[in-house]
Amino acid sequence: MSGIGPMTGGEQGTRRSQRGWRIAAIATLAAAVIGLVGTALASPRATAAASSTAGISRTGQPAGPLTDASVTPQGWSPVAYESAQLSVPGSWLVESPQQLFCGMPQISGMIFVGVRPGFPKSFGCDVPASLAWILPAGKLPKGISQRKPTARIDGIPVYRVPSAKGTTVYLVPELGVRVGARGKPAARVLATLTRSPLSVVLRRGPAARVPAGWTWREFGGVRFATPRSWSLQREDQWSTCGTGLEPSTLLLIDATKPPLALPCPYLIPSATADQAQPGLTVVTGKYAATSVGESYASCRPRGDVRICRSTVTGQGGPVGGVLILSVSRPKHATTFFLLGLSGSGASARAVFDSVRAA
């Protein structure tokens, strides 16, 4: 997902741009019924799964398979949920616990992530003929690890399970999900199954090496590295709509002012619109917590810092391509990281593993 673009004007010399989260809402339009249920970066809440480091080889690359970006056909976009990823035509709608969108004519397909295919009766919407989904695996059949898989997709063993006529459903124990599809492109969609960049970033093992040529930064009492090719921007206020990220950009926000409420236009949640982008936003300062209002728990220490992952990370939809972290030190204010989860996951993992106390 990318930012919506720059706004005009400025305040005390700071650059104003529309980045951040789509605001949760329920609205009825002439052409669409939208149900947005989930989070908005507005106010902090109570406390997400623990973060862990990724396995790294001697060359500094993650030990084990990466996300296979080559399986995404031209004109398609990857859609991730937790440890799994499927690719679908870019015009397909992405339905998730954070966003449900329907009622528009001429929608060619939908992918449901983390939520069963279909809409509440109150929406008055039907699903199109072409569908795909990624859901939690649920309880695994006893002894499945000893069975011969139905097939291997991108090296990942999958087990076909009974499903309705015209529908193919696979259980994927290695990734902890069930994936399914129906309609003409079903076979092509399922053939794009790969592990998600998030699973690469959080894979356990030794920390990654920072690639040669990257730039080290210190901000909010935290030290980290990013690609030198990324542009650097600074602001003193959270004033955004979207995902909090600009492609290939490091945005440093010293939030000395309360977050600015903006009229955020709603974007149709297509796979292309929600696609992850490389980039990093770091927020510190007096109003950092109210700017990045998320829930964090199960924290993991790393040296002198404690790193926690937000509960919405990996849940798909508007937040599907962003790893949201809180980084704290004793007797210091918390600093927040919003890291893009794009491509193979190797670059994002290197950024993540570089985070430490300044």
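Student: Which strands each supply at least two residues of the lining of the second largest pocket?
Tutor: The model is predicted. About 240 Å³ of space lies in this pocket. Its lining takes at least two residues from each of strand S10 (131-136), strand S13 (167-172) and strand S14 (177-182).

Student: Which strand gives the largest share of that lining?
Tutor: Look at the residue names. The lining includes Leu131, Trp133, Leu135 and Pro136. These numbers fall in the range 131-136. The largest share, four residues, therefore belongs to a strand that is largely enclosed by the rest of the structure: S10.

Student: How many charged residues line the second largest pocket?
Tutor: Arg116, Arg178 and Arg182 are among the lining residues. By class, the lining has eight nonpolar residues and one polar residue. The charged count is three.

Student: Which strand runs antiparallel to S10?
Tutor: S9 (residues 110-113) is joined to S10 by four bridges, but that pair runs parallel. The antiparallel partner is joined to S10 by six bridges. In that pairing, Pro136 stands opposite Val177. The partner is S14.

Student: Which residue stands opposite Ala132 in S10?
Tutor: Take the parallel pairing of S9 with S10. S9 covers residues 110-113. Opposite Ala132 stands Ile111.

Student: Which strand gives the most to the lining of the largest pocket?
Tutor: This pocket has a volume of about 300 Å³ and 23 lining residues. Two elements give two or more residues to the lining: strand S5 (76-81) and helix H2 (197-201). Pro78 is one of the residues nearest the pocket centre. With four residues, the top contributor is S5.

Student: How many polar residues are in the lining of the largest pocket?
Tutor: Nonpolar residues number 10. Charged residues number two. The polar count is 11.

Student: What is the angle between the planes of Tyr296 and Phe336?
Tutor: A search of the whole structure finds four aromatic pairs. Tyr296 and Phe336 form one of them, at 5.9 Å centre to centre. The pair is tilted, with its planes at 45°.

Student: How many residues apart are Tyr296 and Phe336?
Tutor: Tyr296 sits in strand S21 (residues 296-302), and Phe336 sits in strand S24 (residues 335-340). The pair links distant parts of the chain. The separation is 40 residues.

Student: Which residue lies over the face of Phe352?
Tutor: Phe352 is one of the buried residues of H4. That helix (residues 346-354) has eight of its nine residues buried. At 4.7 Å from the ring centre of Phe352 lies Arg302.

Student: At what distance from the ring centre of Trp216 does Arg223 lie?
Tutor: Here again an arginine is placed over an aromatic face: Arg223 lies over Trp216. The distance from the ring centre is 4.2 Å.

Student: Which residues do ring pairs link into a cluster?
Tutor: The aromatic pairs of the structure number four. Some of the ring pairs join into a cluster. Its members are Phe112, Phe119 and Phe123.

Conventions:
Residues numbered from 1 in each chain as written. Predicted model: local features only at pLDDT ≥ 70, side-chain atom pairs only at ≥ 80, totals over all residues. Heavy atoms only, no water. Phe/Tyr/Trp six-rings, centres within 6.5 Å; stacked < 30°, edge-to-face > 60°. Lys NZ or Arg CZ within 6 Å of the ring centre and 35° of its normal. Buried < 20%, exposed > 50% of the residue type's maximum accessible area, 1.4 Å probe, protein only. 1 Å grid on protein atoms, 1.4 Å probe; cavity = no way out; pocket = protein on both sides within 12 Å on 5 of 7 lines; lining within 4 Å. Points joined across faces, edges and corners; volume = space filled by probe spheres on them. Nonpolar A, V, L, I, M, F, W, Y, C, P; charged D, E, K, R; others polar. Pairing = 2+ DSSP bridges.
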